[in-house]
Amino acid sequence: MRPFTRSAAFLILLINSSGFSQLRNNSEYLQDSINTDKTYFVLHDTGVAEFWWASEWTNASVDLYSDKSAIFLWHFKDGSKSYSLQEQEIGEIGKNSGFLLERKSSNLEDIHRKSIQPLTRNNYPVKVELWIGKVGESPGFSPEIMGAALCLAAQPQSIEYNHPYHFSSCEPGDK
């Protein structure tokens, strides 16, 4: 084979194999959303907080927002806000995790990426939103497009220790 023919054959093989792998790795999700089973928080009696979050992505969003980040914005009862990050660009989510990405942390961050932990028995998340945006050291979190929101259905005066609190659909007035 001549050098050009070998190069062309290699390129065609590369294109076909990457296209084939894309066909095998399609998203099962019909819309971008927050996974309700895997998004929750717990305040332990030791004072340690745990935040768990998971997002589901469509093929279209993984392609369209490939260079953007998935950002979770947590709204607390006292009106304060904090952030968590999926850690990967959205384009990497579909390739590496089957379009479902889960993370956890004991601390959230403020808009400037400084670690904070606002969870107490009387101050807990009442809403969590999934945003598409950019994240860097400066200015920090830059949410651009809201993808989904979930709310805490029952809002007690205070939460119980060691109990997981899950989110559900927001009422029309909560959005």
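The model before you is a predicted one.

I begin with the fold. The protein chain contains three helices and 11 strands, arranged along the sequence as α-β-β-β-α-β-β-α-β-β-β-β-β-β. It has 175 residues, of which 40% count as buried. When contacts between residues at least 6 apart in sequence are considered, 66% of them join residues at least 24 apart. The chain exposes about 10,100 Å², with carbon and sulfur atoms supplying 52% of that area.

Next, the interior. In soluble globular proteins, nonpolar side chains tend to be buried together. Here the largest nonpolar core has 33 residues, and F41, F51, W57, W74, I90 and L119 are those with the most contacts inside it. Elements that give two or more residues to this core include β2 (40-43), β3 (49-56), α3 (90-97) and β10 (141-151). Another core, of six residues, lies apart from it and includes L73, Y83, L85 and F141. As for L119, its contacts beyond four places in sequence include F41, F51, F76 and I159.

I turn now to the serine, S55, which is found in strand β3. Is S55 buried or exposed? S55 counts as buried because its relative accessibility is 0%, where the cut-off is under 20%. Its side chain makes a polar contact with the side chain of Q86, at 2.5 Å. Beyond its neighbours within four places in sequence, S55 is also in contact with residues including S33, F72, F99 and L130.

Terms used
Residues are numbered from 1 along each chain as its sequence is written. This is a predicted model: local features need pLDDT of at least 70, side-chain atom pairs count only at pLDDT 80 or more; totals for chains, interfaces and linings use all residues. Side-chain values use heavy atoms; hydrogens and water are left out. Helices (H or I, at least four residues) and strands (E, at least two) are DSSP runs, numbered from the N terminus. Buried means under 20% relative accessible area, exposed over 50%, partly exposed in between (1.4 Å probe, protein chains only). Contact means heavy atoms within 4.5 Å. Accessible areas come from the Shrake-Rupley method with a 1.4 Å probe; for residues, only the protein chains shown count as cover. A nonpolar core is a set of buried Ala, Val, Leu, Ile, Met, Phe, Trp, Tyr and Cys residues joined through side-chain atoms within 4.5 Å. A polar contact is a pair of N or O atoms within 3.5 Å; within protein, one must be able to donate a hydrogen and the other to accept it, and residues adjacent in sequence count only if both atoms are side-chain atoms.
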